[in-house]
Amino acid sequence: MGLTSRTFAVTLLVVAVAAVAGAVLLWPRVRGPRPLRVAARVGMIVLCQVTAIFVVMVTVNNENGFYASWDDLLGNANSGGGKPLAGPGPTPTPTKPDYRVKFASYSQGFEKASVRGWKSGTKGDVIVWTPPQYKKAEYAHTRFPVIEVLHGIPGTPHSFLRGMRLGRIMQNEITAGRAEPAILVLPTITPDRVNTGCADVPGKSHVSTWLTDDVVQTIAHNFRTLPAPRGWAVMGISTGGYCAARLALEHPDRFAAGAAMAPDNPDEAARGARSPVWLARNTNPDVQILVESSKQDPESPPKFADWITSACHPPTVVTTLRIDNGGHNWKTWAGMFPAAFTWVSGRIEAPRAVPLAPSAAP
């Protein structure tokens, strides 16, 4: 029974109600010595409280998408797991990386695969959504732009499917003509279960290499994608928003644009000197950045966007969007995505036929 399944939530609710009903019925019927009666009644109270707490915890988790599965809750969400920077296994590493991966049908029209990080030395889950146009005959020779979408912490790529119907949001923008058809790629940003702010941290995890090389190469070899950087963008929420700004500023050779929605503190020094603000102030990338925030979000106030804006200088371009209402939660982020998809779509190439070297892309 899945952690976020409706069956599990309903079962917990039934157990909680049964615990209260049982306490009401059994309370006057407890027999035996006084210490035994007191212990039995205390036990009933504790059982009622524990079951009620579990109901509240599961409800809050389902509303906010903090943990997507039992493995996520227990720290085993990514099939890569294991020790940071450990080798991919006892099998000898081929002299030439093989980026071919079998993506299996997953949920809400997404496909999922466990991806090996040939350069980062790690492994993690990647979920992919292709627009309806991708499988149509008239688009058989068309390559599509790609948007990497990064989750927050705690969280996994699946959090987007639980917290919001991301594919449907993108499809609505495409149908309305506000965005071009694009491939959405949802990789884990903690392949070694450690938060590095999507940076390469020796001895911990090479997340930057994982996201900008391993994931990019894998998607390019398995799907019909436009070449980087003009055909690629990165966006994210919360910690993923911090990562989107950071990766776009540090890797303009991979991404033409980056959209940060409700990002973590962009001047945070704990994640290393190369924070988004540091990169904006000390580099000069030809890239476009969007920072979207809510005036009611105490964890990611609009001043974060101001810090990035003041640190950037041409040819870097920063756009800010601010909404009046909403906190640091999935409901707010779901409301931010339509405008962010429209903004990103206008800054990367539209689907087109382009001659590229043959790959495994279907």
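These are my notebook entries on a few features that I looked up in this structure, which is a predicted model.

**Entry 1: the disulfide**

I began with the cysteines, and a search of the whole structure returned one disulfide. I found that it joins Cys198 to Cys243, with an S to S distance of 2.1 Å. I then looked up the torsion about the S-S bond, which is 85°, and the link of Cys198 and Cys243 is accordingly listed as right-handed. Next I asked myself which parts of the chain the pair ties together. Cys198 sits in the loop between strand E5 (183–187) and strand E6 (200–201), whereas Cys243 belongs to helix H7 (residues 239–250), so the link connects parts that are 45 residues apart in sequence. I also checked the exposure of the two partners, and both Cys198 and Cys243 are buried.

While I was on cysteines I noted two further ones: Cys48 counts as buried because its relative accessibility is 16%, and Cys312 counts as buried because its value is 13%.

I turned to strand E4 (residues 146–150) and asked how many of its residues are buried. Five of the five are, so I describe the strand as largely enclosed by the rest of the structure. In a regular strand the side chains alternate between the two faces of the sheet, and I therefore looked at each face by itself. On one side of E4 I find Val146, Glu148 and Leu150, on the other Ile147 and Val149, and all of these are buried, which leaves both faces covered.

For the pairing, I noted that E4 and E5 run parallel and are joined by three bridges, with Val146 standing opposite Ile183 in E5. E4 also runs parallel to strand E8 (residues 232–237), and here five bridges join the two. Within E8, I recorded Met235 as the bridge partner of Val149.

**Entry 2: aromatic pairs**

I next went through the aromatic rings, for which the count comes to nine pairs. Of these I looked up Trp330 and Trp333, an edge-to-face pair at 5.2 Å centre to centre with 80° between the planes. The two are three residues apart in helix H10 (residues 330–345), which means that about one helical turn separates Trp330 from Trp333. I found both Trp330 and Trp333 to be buried.

I then noted the pair of Phe337 and Phe341, which is tilted, with 5.3 Å centre to centre and 45° between the planes. Phe337 and Phe341 are four residues apart in H10, and so they too are separated by about one helical turn.

Elsewhere I traced a cluster in which ring pairs link Phe103, Tyr134, Tyr139, Phe144 and Phe223.

I followed up Phe54 in particular, and placed it in helix H2 (residues 34–64).

How values were computed:
Residues are numbered from 1 along each chain as its sequence is written. This is a predicted model: local features need pLDDT of at least 70, side-chain atom pairs count only at pLDDT 80 or more; totals for chains, interfaces and linings use all residues. Side-chain values use heavy atoms; hydrogens and water are left out. A disulfide is a pair of cysteine sulfur atoms within 2.5 Å. Buried means under 20% relative accessible area, exposed over 50%, partly exposed in between (1.4 Å probe, protein chains only). Two strands pair if DSSP finds at least two bridges between them. Rings of Phe, Tyr and Trp (its six-membered ring) pair if their centres lie within 6.5 Å; planes under 30 degrees apart count as stacked, over 60 as edge-to-face and the rest as tilted.
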